[in-house]
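Open the model in your viewer and keep the selection tool at hand. This tour goes stop by stop, with a short note at each one.

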Amino acid sequence: IEVLALEKTTVIGLGAGVACIVISILIQGDLGAFYDPASIFIVLGGTIASTIISYPGKMLKSLKTVYSMAFKQKRIDLNEDIEMIIKIANVARREGLLALEDAVVEVDNPFLQKGIMLIVDGADGELVKNILETEISFIQERHTQGQNIINSMAAYAPAYGMIGTLIGLILMLRNLSDTASLGPNMAVALVTTFYGVILANLVFTPISKKLKVMSDAEALQKELYMEGLLSIQDGENPRIIKDKLSAFISRRDIRRAEESMQQPNPEVKEIAQDGR
């Protein structure tokens with residue numbers, strides 16, 4: 001079961017990081033000393049330019065979607081997924097595999113729908129497994145491509161920060177006769193390095209890691225679906241299927257699920273999404 005909402009940890013983390021930097025600057029001195037349009041231009045512009053060179057346009061078009069996913073929470077509840085698989089298994093056990101064609105209309109997840117229809121169509125178990133594994137592999141590959149782009153930006157940003165610093169130092173050294181301007185010019189030269197490091201370690205790298213965690217969670221859910229469907233196709237007992245799928249969940253989550261069964265479940269608005 002997937003529920004989309006605002007990913008609070010991303011927003012809180014970015015906000016907390018910016019706040020810590022701003023507060024530390026204000027404690028030590030003037031915030032305006034860290035604002036330099038030329039430095040921003042070379043770090044952002046250079047990072048974007050190198051990224052455009054590194055990847056084809058088709059991959060870059062998806063970059064906006066990739067970044068947006070880091071701010072969207074896709075809650076995956078494996079306990080509810082297992083219960084849904086068990087319901088499907090009970091239908092198949094009572095009425096046969098062909099009866100799943102009517103049950104598929106109640107399933108919102110496209111991956112699970114595809115697996116059920118393959119079973120209904122009489123596909124061999126090995127074929128079903130190969131098709132679903134291939135789809136999982138392709139989804140992870142797409143996710144990895146987006147993460148690689150962001151990782152590249154994390155590498156380019158500090159490099160362009162250093163380039164900006166070198167430019168500033170060269171211009172400063174050409175004007176050594178004006179000793180009064182050496183300090184301010186050195187400060188401006190170092191600001192570009194500051195921007196590059198901040199972008200790499202507060203924005204690009206953390207977002208890439210967040211997307212990796214989210215991608216792994218989605219892959220685990222799809223592997224659970226695949227294992228459940230293959231067990232249903234083999235005619236296994238629903239109780240055995242449940243025990244098998246419970247291995248996908250940590251012991252802590254299992255205990256939490258058992259406790260929640262003793263309490264009324266709150267109504268949750270479900271928005272099934274798999275649009276990547």
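**Stop 1: Ser 215**

Select Ser 215: leaving aside neighbours within four places in sequence, Ser 215 is in contact with His 143 and Gln 147. Contact means heavy atoms within 4.5 Å. Ser 215 sits in helix H9, residues 182–233. Its relative accessible area is 5%, so Ser 215 is buried. Buried means under 20% relative accessible area, exposed means over 50%, and partly exposed is in between (1.4 Å probe, protein chains only).

A word on what you are viewing: this is a predicted model, in which local features need pLDDT of at least 70, side-chain atom pairs count only at pLDDT 80 or more, and totals for chains, interfaces and linings use all residues. Residues are numbered from 1 along each chain as its sequence is written, and side-chain values use heavy atoms, with hydrogens and water left out.

**Stop 2: The whole protein**

Zoom out and colour by secondary structure. The protein has 11 helices and 2 strands. Helices (H or I, at least four residues) and strands (E, at least two) are DSSP runs, numbered from the N terminus. Along the sequence the pattern reads β-α-α-α-α-β-α-α-α-α-α-α-α. Of the 276 residues in the protein, 37% are buried. Among contacts with a separation of 6 or more, 83% join residues 24 or more positions apart.

**Stop 3: Helices H2 and H8**

Two packed helices are described by the angle between their axes and the distance between the axes. Select H2 (residues 37–54) and H8 (residues 125–173): they pack at about 135°, with axes 8 Å apart. Axes are lines fitted to C-alpha atoms, for helices over the stretch in contact, and angles run from 0 to 180 degrees between N-to-C directions. H2 and H8 are therefore oblique to each other. Angles under 35 degrees count as roughly parallel, over 145 as roughly antiparallel, 65 to 115 as roughly perpendicular, and the rest as oblique.

Now show side chains. On the H2 side, the meeting residues include Ile 42, Val 43 and Gly 46. On the H8 side, look for Ile 149, Met 153 and Tyr 156, among others. The contact of H2 with H8 has 9 nonpolar, 7 polar and no charged residues. Here Ala, Val, Leu, Ile, Met, Phe, Trp, Tyr, Cys and Pro count as nonpolar, Asp, Glu, Lys and Arg as charged, and the others, Gly among them, as polar.

**Stop 4**

Ile 40 is partly exposed, at 28% relative accessible area. Not counting residues up to four places away in sequence, Ile 40 touches Tyr 35, Gly 45 and Tyr 195. Ile 40 and Tyr 195 are 155 residues apart in sequence, yet 7.1 Å apart in space, C-alpha to C-alpha.

Next, select Phe 34, Phe 194 and Tyr 195, which ring pairs link into a cluster. Rings of Phe, Tyr and Trp (its six-membered ring) pair if their centres lie within 6.5 Å; planes under 30 degrees apart count as stacked, over 60 as edge-to-face, and the rest as tilted. The whole structure holds 3 aromatic pairs. The ring centres of Phe 194 and Tyr 195 are 6.0 Å apart and the planes are at 50°, so this pair is tilted. Which of the two is buried? Tyr 195 counts as buried, at 16% relative accessibility, while Phe 194 is partly exposed, at 27%.
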